[in-house]
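This report walks through one protein model. Please keep the sequence and the coordinates open while reading.

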Amino acid sequence: MEDHAQIEDVTDIEEEILSSEQYKEAGNEYYIAGDIPEAIIRYSKGIEIAPDDSNIKSVLYSNRAACYTRLENWDNVVKDCELSLEINPEYIRPLLRRAAAQQQLEEYRESLKDYNKILELDPTNKEASKGKNMVTPLAEEEEELEREKMMTDLKDVGNKLLGFVGLSLDNFQTQTDPQTGNMSVQFVQKP
């Protein structure tokens, strides 16, 4: 048993002296082997000791986000990608990962922003181009649904206010002049 305890002590000491680059390499090996929890541990240890605002820290966050992608933990993917991009805003890998995670979270407009940013940085990026084509109609639909909800909410507020004087928005009608495109609002007495 004493030999086993000594081996554990040596392992602990070895881990303490590993550099963030070595933790990244160890994380990569675990990732490739499919041991995602161990890869996350190695990347996390590398993040702890990496200098703030260093390129290696940005890469470690991005690599840990790749692990969370494999686990389909989309919120953590977004979070780690954001931390990576705070350090290196033009790093394409976390932009791609965050765009894909936002797509999974049905945050299509945010996903589209990332795909557009990637294509600004690298107009030939096929993954971003494909993602943009897929998410654009979904982002437009998301925006339309939000607009409809906003109009419904505004109508509710308007009806509440007009209700104090015995009216509702149903008492008003909009008309568009076909020649000028101007809109006018007319009061309509409802029985």
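## Starting point: serine 20

In which helix does serine 20 lie? Serine 20 is part of helix H2. The model is a predicted one, and every value below is computed from it.

Is serine 20 buried or exposed? Its relative accessible area is 10%. That is under the 20% cut-off, so serine 20 counts as buried. Neighbours within four places in sequence aside, serine 20 is in contact with Gly46, Ile49, Ala50, Ile56 and Leu60.

## Confidence and overall make-up

The protein chain has a mean pLDDT of 85. Of its residues, 83% reach 70 or more.

The chain holds eight helices and two strands. Read from the N terminus, the order is α-α-α-α-α-α-α-α-β-β. The chain has 191 residues, of which 31% count as buried. Take the contacts between residues at least 6 apart in sequence: 40% of them join residues at least 24 apart.

## Helix H2

H2 covers residues 20–33, 14 residues in total. From first C-alpha to last, H2 reaches 20 Å. At 1.5 Å a residue, the expected span is 20 Å, and the model comes close to that.

Ser20, Tyr23, Lys24, Ala26 and Gly27 are buried in H2. Seen down the helix axis, these buried residues fall within an arc of 165°, so they line one face of H2. The face turned away from the buried side carries Glu29, Ile32 and Ala33, which are exposed. Lys24 also belongs to a salt-bridge network with Glu21 and Glu25. Just after H2 comes glycine 34, with a positive phi of about 90°.

## Helix H6

H6 has 13 residues, 92–104. At 1.5 Å a residue they should span 18 Å. The end C-alpha atoms lie 19 Å apart, which agrees.

Pro94, Leu95, Leu96, Arg98, Ala99, Ala101, Gln102 and Gln103 are buried in H6. Glutamate 106 follows the helix and has a positive phi, near 60°.

## Salt bridges

Side chains of opposite charge can pair when their charged atoms come close. How many salt bridges does a search of the whole structure find? The search returns eight.

One joins arginine 42 and glutamate 38, at 2.8 Å from N to O. Both residues sit in helix H3 (residues 36–49), four residues apart, so about one helical turn separates them. Arginine 42 is buried at 10% relative accessible area. Glutamate 38 is partly exposed at 25%. Another bridge pairs aspartate 52 with lysine 57, at 2.9 Å from N to O. Aspartate 52 is exposed, with a relative accessible area of 63%. Lysine 57 is buried, at 9%.

Arginine 98 forms a salt bridge with aspartate 114; their closest N and O atoms are 2.7 Å apart. This pair links distant parts of the chain.

## Nonpolar cores

In soluble globular proteins, nonpolar side chains tend to be buried together. Which residues have the most contacts inside the largest nonpolar core? They are Ile40, Tyr43, Leu60, Cys67, Val77 and Ala101, in a core of 17 residues. The elements giving two or more residues to this core are H3, helix H4 (55–70) and helix H5 (74–87). H4 gives the most, with six residues.

Alanine 101 touches Trp74, Val77 and Val78, not counting residues up to four places away in sequence. Another core lies apart from the largest one. That core has 14 residues, including Leu96, Ala99, Leu112 and Val135. Leu96 and Ala99 are among the buried residues of H6.

Notes. Residues are numbered from 1 along each chain as its sequence is written. This is a predicted model: local features need pLDDT of at least 70, side-chain atom pairs count only at pLDDT 80 or more; totals for chains, interfaces and linings use all residues. Side-chain values use heavy atoms; hydrogens and water are left out. pLDDT is the predictor's confidence in each residue, from 0 to 100. The expected span of a helix is 1.5 Å times one less than its number of residues. Buried means under 20% relative accessible area, exposed over 50%, partly exposed in between (1.4 Å probe, protein chains only). The arc is that of the directions from the helix axis to the C-beta atoms. Contact means heavy atoms within 4.5 Å. A salt bridge is a side-chain nitrogen of Lys or Arg within 4 Å of a carboxyl oxygen of Asp or Glu. A nonpolar core is a set of buried Ala, Val, Leu, Ile, Met, Phe, Trp, Tyr and Cys residues joined through side-chain atoms within 4.5 Å.
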